[in-house]
Amino acid sequence: MRVLVVFSHPCKESFNAALCKKVVETLKDQGHEVRLSDLYAKGFDPVMSAEERRGYHTLQANTEPVAEDLADIMWCEATVFVYPTWWFGLPAMLKGWLERVWVPHETFQMPTATHGARPKMQHIKRIAVVTTCGASWWLSKLIGEPGRKTILRGIGILCRPGCKTLYLAHYKMDSSTRESRERYLHKVGRKIAAFTAQ
């Protein structure tokens, strides 16, 4: 498959960077075609300007500021998001990427008085999340995991009906050990390989 890996972490030496490397290597070893979009490394601007917002609903004009990133999501058949969960949700960089790149007319049809919003990303048949969470499993569930819902439900609904999803998280990251991180790296490799082989 054609797989887009979207990575959002500012530090190259982070455990999230190691996770991203593991994901990319696993996908390539499985024979998939991979594109990596490292949002911090390429200097993506997550801030939507006033001018961009005013043109957000204008066909074609809304794609010009994000043409390269939009081309990536139009190209892929699967997307893997690798990021740290901060404040129970997505990093601002990744949230800004979603807001700016997943534009109307291209990724979904705007709702009208007679019908609701309609998905236009039906070439995407798999979405996976690989993340780390400072909080415990039970606290994350209590809060509701808004980042998980944004990606797997909010973005997922725009994709192919029956789009398969995978969510992997290392909870209690702030008190993790070398052993727990190594186990998670191994799990990520195994789960991503199985998920994309189906």
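This note goes through the sheet, its helices, and some individual residues in numbered points.

1. Basis of the note. The model is a predicted one, in which local features need pLDDT of at least 70 and side-chain atom pairs count only at pLDDT 80 or more, while totals for chains, interfaces and linings use all residues. Residues are numbered from 1 along each chain as its sequence is written, and side-chain values use heavy atoms, with hydrogens and water left out.

2. The sheet. An open sheet is formed by 5 strands in the order β2-β1-β3-β6-β7, with parallel pairing; strands (E, at least two residues) and helices (H or I, at least four) are DSSP runs numbered from the N terminus, and two strands pair if DSSP finds at least two bridges between them. At the edges are β2 (33-38) and β7 (164-170), each of which pairs on one side only. On average, neighbouring strands of this sheet are turned by 15° against each other, direction ignored.

3. Strand pairings around β6. Strand β3 (residues 78-85) pairs with strand β6 (residues 126-133) over 8 bridges in the parallel sense, and here Ala78 stands opposite Arg126 in β6. The pairing of β6 with β7 is also parallel and runs over 7 bridges, with Arg126 standing opposite Lys164 in β7. Although β7 is an edge strand, 5 of its 7 residues are buried, so β7 is largely enclosed by the rest of the structure; buried means under 20% relative accessible area, exposed over 50%, and partly exposed in between (1.4 Å probe, protein chains only).

4. Helices on the sheet. Helix α4 (residues 92-101) lies across β1 and β3 and runs at about 145° to β3, where axes are lines fitted to C-alpha atoms, for helices over the stretch in contact, and angles run from 0 to 180 degrees between N-to-C directions. The buried residues of helix α3 are Asp69, Leu70, Asp72, Ile73 and Trp75, and they pack against β1, β2 and α4, contact meaning heavy atoms within 4.5 Å.

5. Arg35. This residue belongs to strand β2 and counts as partly exposed because its relative accessibility is 32%. Arg35 touches Val3, Leu4, Val5, Ala71, Asp72 and Trp75, leaving aside residues up to four places away in sequence.

6. Aromatic pairs. The structure holds 2 aromatic pairs, for which the rings of Phe, Tyr and Trp (its six-membered ring) must have centres within 6.5 Å, planes under 30 degrees apart counting as stacked, over 60 as edge-to-face and the rest as tilted. Phe15 and Tyr184 form a tilted pair, at 6.3 Å centre to centre and 45° between the planes; this pair links distant parts of the chain, with Phe15 in helix α1 (residues 15-29) and Tyr184 in helix α7 (residues 178-197), 169 residues apart. Phe15 is buried at a relative accessible area of 14%, and Tyr184 is buried at 4%. The rings of Phe81 and Trp97 have centres 6.1 Å apart and planes at 70°, so this pair is edge-to-face. Since Phe81 lies in strand β3 and Trp97 in helix α4, the pair ties together parts that are 16 residues apart in sequence; both Phe81 and Trp97 are buried.

7. Loop residues. Asn62, in the loop between α2 (50-54) and α3, counts as buried at 4% relative accessibility. A polar atom of the Asn62 side chain lies 3.0 Å from the backbone oxygen of Pro104. Most residues other than glycine have a negative phi. His105, in the loop between α4 and β4 (108-109), has a positive phi near 80°, but His105 is buried at 18%.

Technical notes: A polar contact is a pair of N or O atoms within 3.5 Å; within protein, one must be able to donate a hydrogen and the other to accept it, and residues adjacent in sequence count only if both atoms are side-chain atoms.
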